[in-house]
Amino acid sequence: MGVVERTWEWLADAAHWSGTDGVWHRLGEHLFLTVVCLLISCAIALPVAVVLGHLGKGGALAVNLSNVGRAVPTFAVLVLLLLSPLGTMGSLPTVIALVLFAIPPVLTNAYVGMRGVDRGMVEAARGMGMTGRQIVARVELPLAFPLIVTGVRSAAVQVVATTTLAALPGGGGLGRIITAGFRLTDTAQVVAGALLVAVLALLVEGVFVLLQRLLDPMRGHVTAAHA
Amino acid sequence: MAGQNCLIANDWICGEYVRTRGQELTDATLQHVGITFASVAIGLLVAFPLALLARRWRGFAGPVLGATTILYTVPSLAMFSLLVPVFGLSAAVVVTGLVLYSLTILVRNILAGLAAVPEEAREAARGMGYGPVRLLFGVELPLAVPALMAGLRIATVSTVSLTTVGAIIGYGGLGNLIYEGMRSYFKAQVLTASVLCVALAVLADVGLLGVQRLLTPWARSGRRVKKRVLAKEAVA
């Protein structure tokens, strides 16, 4: 019997979906971690990016931050936090590691989006007597919206995939299905776990694409910013 | 002895650890470098023809980009676990997984670089009697070097960092030390290996930047290009 059939059987078995080690519980943990981390990262990164982008300062910071973020292994950060005094506080180390991981894409994209706003429009708004605050709220944010959401979206997809690492030190999430399958040398279970994470990542991506279309403040307006 | 004490006290920073486990650290670093180098080199060798094919036949581009993007959503943990039945417990598992990840970045950047070659340069080369092969290697590739190298740098840095996850099958370079350190609660080992890992990524990035400067003497430090981009931004 091939791996595909066995994976299908694993997924079709109701016993694998219930209980603490079941798919539903792990999926709940995974979603909870993803949403919490994403919200915290946005709450930290977006205001900073919007202010820096509006002032036109800190461009080097925004670019370097995403480079540094790429160079630091999330796994190493996670283990370092686990061994620190924070390690005893449940899923806090996981949350911090994932937040640090998600901030760079959100911040860099939002910053680039704010800077990418047509300077002429900003000048025009200023000429009309808008204050800095009004320019941010009525001109820059609506025009930068697509790029801001793109940053959040790519962070969300990466967080969904990376939350699996929480399973290595015994945390929650869908990664546990993969590590358990690996330990039992049950390929079907590993494939099932990987499949669940990949599907979840693609679903999240889809939801964000929809949100982007529905919520875009410039929807129905013709602008050059939509390239 | 103070040095011994830091091992017993399980301090984060411990010179004695570095002294006594120097060989272990060197081996892990070499494995890390080897896995990263092999993955990026193979990734480049595979990405290049894929990008050329995607450019030649437009119909091929969608599926190639789509497939590489989907590959990127597969968690590294799952990727390595999935490849174990194929290769057994060996470094090939980690290298293959990392090659697949690097493809996403490399194919996109090679395509973008080739697409950014000015049509005039191509026309001029054709007018001078350049055939397709000479056009590619003599004109298009050199002009695509900046985008290509940008992709290569991102792919290399990500690969250095992702290699650590290979620790679950015992081929994670410095990740092995981090994983062991996590199990035995050995702080100095985790911190030393993590710092070395970040240092490797930074070194690789700086090294590749140097290679790019050497390869594109005409774009000296890219300052002129940057200025031009900024000017464009200001005009637009």
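Let's start with Val133(B): at 57% relative accessibility it counts as exposed, where exposed means over 50% relative accessible area, buried means under 20%, and partly exposed lies in between, using a 1.4 Å probe and protein chains only. Val133(B) sits in helix H8 of chain B; helices here are DSSP runs of H or I, at least four residues, numbered from the N terminus. From the C-alpha of Val133(B) to that of Thr163(B), 30 residues apart along the chain, the separation is 36 Å.

A word on what you are looking at. This is a predicted model, in which local features need pLDDT of at least 70 and side-chain atom pairs count only at pLDDT 80 or more, while totals for chains, interfaces and linings use all residues. Residues are numbered from 1 along each chain as its sequence is written, chains are lettered from A and ligands numbered from 1 in the order in which they are written, and side-chain values use heavy atoms, with hydrogens and water left out.

Now, how do the chains meet? On the chain B side, 35 residues are in contact with 31 residues of chain A, contact being heavy atoms within 4.5 Å. The two chains bury about 2,800 Å² between them, 80% of it on carbon and sulfur atoms; that buried area is the accessible area (1.4 Å probe) lost on being put together, summed over both. Thr73(B), Leu77(B) and Met182(B) supply 20% of the area that chain B buries against chain A, more than any other three residues. Helices H5 (76-87), H8 (132-163), H9 (174-184) and H10 (187-215) of chain B each give at least two residues to the side that touches chain A.

And how many salt bridges cross that interface? The rule finds 0, looking for a side-chain nitrogen of Lys or Arg within 4 Å of a carboxyl oxygen of Asp or Glu.

Let's finish with the cysteines. The structure holds 1 disulfide over all chains, a disulfide being a pair of cysteine sulfur atoms within 2.5 Å. The bond joins Cys6(B) to Cys14(B), S to S 2.1 Å. The torsion about the S-S bond of Cys6(B) and Cys14(B) is about 60°, so the disulfide is right-handed. Both Cys6(B) and Cys14(B) are buried. Cys42(A), by contrast, is in no disulfide, and the nearest cysteine sulfur, from Cys37(A), is 11 Å away. Cys42(A) counts as buried because its relative accessibility is 14%. Cys197(B) is buried too, with a relative accessible area of 0%.
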